[in-house]
Amino acid sequence: MTVKGQCFEAVFGRPVKVLGEAPGRVNLIGEHTDYNGGYVLPTAIPQKTRVEMAPRDDGLIQIATMSVRGGTQLSYRAGEESRRGLWLDYVQGVTAALRDRGVAVPGFDARIESTVPLGSGLSSSASLLVALARALRAMLDLVIDDVEIARIAHAAEHDFVGAPVGTMDQMAASLADENTALFIDTRTLAFERIPLPAEAELLVVNSGVTHQHASGDYKTRRAECERAAAALGVPQLRDVDEAAAQRIASLPAPLDRRARHVVTENARVLAAVAALRAGDLVRLGELFDASHRSMRDDFEVSVPEIDDLVESARAQPDVFGARLTGGGFGGSIVALVKRGCAARVGRAVVEAYARVPNRRATVLVGEPVS
Ligand code: GLA
């Protein structure tokens, strides 16, 4: 059934009862640290997912989404969630996670619309999960705080959908805003909002190369980190102390490089928080650059298209630093740019990228609001 362009009432024949919204995120620094118990520093982007919802009394759950080409509608029965390998699994994951927590989820109709581009590395899935959990919280008057919403969203993606992701994206979608960086200790989910400097702005450029979280590469990296931690005799790479750090160089390749990335990246998040607090944009930019080199050379999650975008951003005046953001294997870069300059830098980067045939990059954050 095609539902593109239709409002909730046109699709379901009755008015909306509640709304849930959540943004996508861009991670400033702290990549592949979350499933190692470490630190991350994401912020919200303007793009978001919106879920409109109304309850049903027959146990049927009907979901119309505008985000799949042409728009589409699928359904299942409350309490009969089963993985189908479709986008609907994200919705089923949320209702299953709520049920696991003792919530009696009734039937409902929902319409989903998102401006977070799929496959851009900006967490379209976490924004959907959190928006949906928020709509259900509102509809069912649930007393659940935003950290618990993130845990529910994470359980949906990790346990139900089966993507072995950490907790950064769900925490960001649930708790981040656009004016602050969300400093999270992913081991405890303790968080702190740190104001972003007024003198800088963020530029996010999508390479057009799509990543796939559930894909083997992400899983392989995670498994390598677990093997490295075991070989170093620590529960997680977060726990590497000075003595264990001495032993990293003697790990077999590539575990040595993987561990080095995670340990140095964790330290870079703490240094970035200090730089933000001190308003030291030059230092923050250096940390962006160092993070990119570490992801490229030690963690090996970059691709040539992303390296080119990072290099051409760094070659522009008024850029403090640039790096791959998100899980990698494509996706987007984030650059820290002097305020007022992101639009110009974005244009230059997109133009340089297009000089290679079949490459098209898009500025996702950093265009002046028209
Ligand atoms: C993806 C995952 C996150 C995190 C990042 C890499 O976005 O969903 O949990 O691991 O990759 O930092």
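**Figure 1. The side chains of T180 and D177 make a polar contact of 2.9 Å.** A polar contact is a pair of N or O atoms within 3.5 Å; within protein, one must be able to donate a hydrogen and the other to accept it, and residues adjacent in sequence count only if both atoms are side-chain atoms. The model is predicted: local features need pLDDT of at least 70, side-chain atom pairs count only at pLDDT 80 or more, and totals for chains, interfaces and linings use all residues. Residues are numbered from 1 along each chain as its sequence is written, and side-chain values use heavy atoms, with hydrogens and water left out. T180 lies in strand β7; helices (H or I, at least four residues) and strands (E, at least two) are DSSP runs, numbered from the N terminus. T180 is buried, at 13% relative accessible area. Buried means under 20% relative accessible area, exposed over 50%, and partly exposed in between (1.4 Å probe, protein chains only). Not counting residues up to four places away in sequence, T180 touches P42, T43, R193, I194, P195 and L196, where contact means heavy atoms within 4.5 Å.

**Figure 2. R193 and D177 are joined by a salt bridge with an N to O distance of 3.8 Å.** A salt bridge is a side-chain nitrogen of Lys or Arg within 4 Å of a carboxyl oxygen of Asp or Glu; by this rule the count comes to 32. R193 belongs to strand β8 and D177 to the loop between α5 and β7, so the pair ties together parts that are 16 residues apart in sequence. R193 is partly exposed, with a relative accessible area of 39%. D177 is also partly exposed, at 27%.

**Figure 3. R359 and D308 form a salt bridge whose closest N and O atoms are 2.7 Å apart.** This pair links distant parts of the chain, 51 residues apart: R359 is in the loop between α11 (342–353) and β12 (362–365), and D308 is in helix α10 (residues 304–314). R359 is buried, with a relative accessible area of 18%, whereas D308 is partly exposed at 36%. Helix α10 also holds E311 and R314, three residues apart, about one turn of the helix. The side chains of E311 and R314 meet in a salt bridge of 3.8 Å, N to O. E311 is partly exposed at 38%, and R314 is partly exposed at 36%. Elsewhere, salt bridges that share partners join E21, K48, R50, E52, R111 and E113 into one network.

**Figure 4. S125 in helix α3 makes a side-chain polar contact of 3.3 Å with E157.** S125 is buried, with a relative accessible area of 17%. Leaving aside neighbours within four places in sequence, S125 is in contact with Y90 and E157.

**Figure 5. Helix α5 (residues 168–175) is largely enclosed by the rest of the structure, because eight of its eight residues are buried.** The buried residues are M168, D169, Q170, M171, A172, A173, S174 and L175.

Figure 6. D141 has a positive phi of about 55° although it is not a glycine. D141 is found in the loop between α3 (124–140) and α4 and counts as exposed, at 65% relative accessibility. F329, also not a glycine, has a positive phi of about 60°. F329 lies in the loop between β10 (319–325) and β11 (332–338) and counts as buried, at 19% relative accessibility.

**Figure 7. Domain 1 (8–194) and domain 2 (198–365) divide the chain.** The domain bounds come from an automatic or database domain assignment. The C-alpha centres of the two domains lie 25 Å apart, and 38 residues of domain 1 are in contact with 43 residues of domain 2. The area buried between them is about 3400 Å², of which carbon and sulfur atoms give 62%. Buried area is the accessible area (1.4 Å probe) that two parts lose on being put together, summed over both. In domain 1, I29, H32 and Y35 lose the most area to domain 2, together 20% of what that side buries. Between the domains there are four salt bridges. D239 forms a salt bridge with R187, with the closest N and O atoms 2.7 Å apart.
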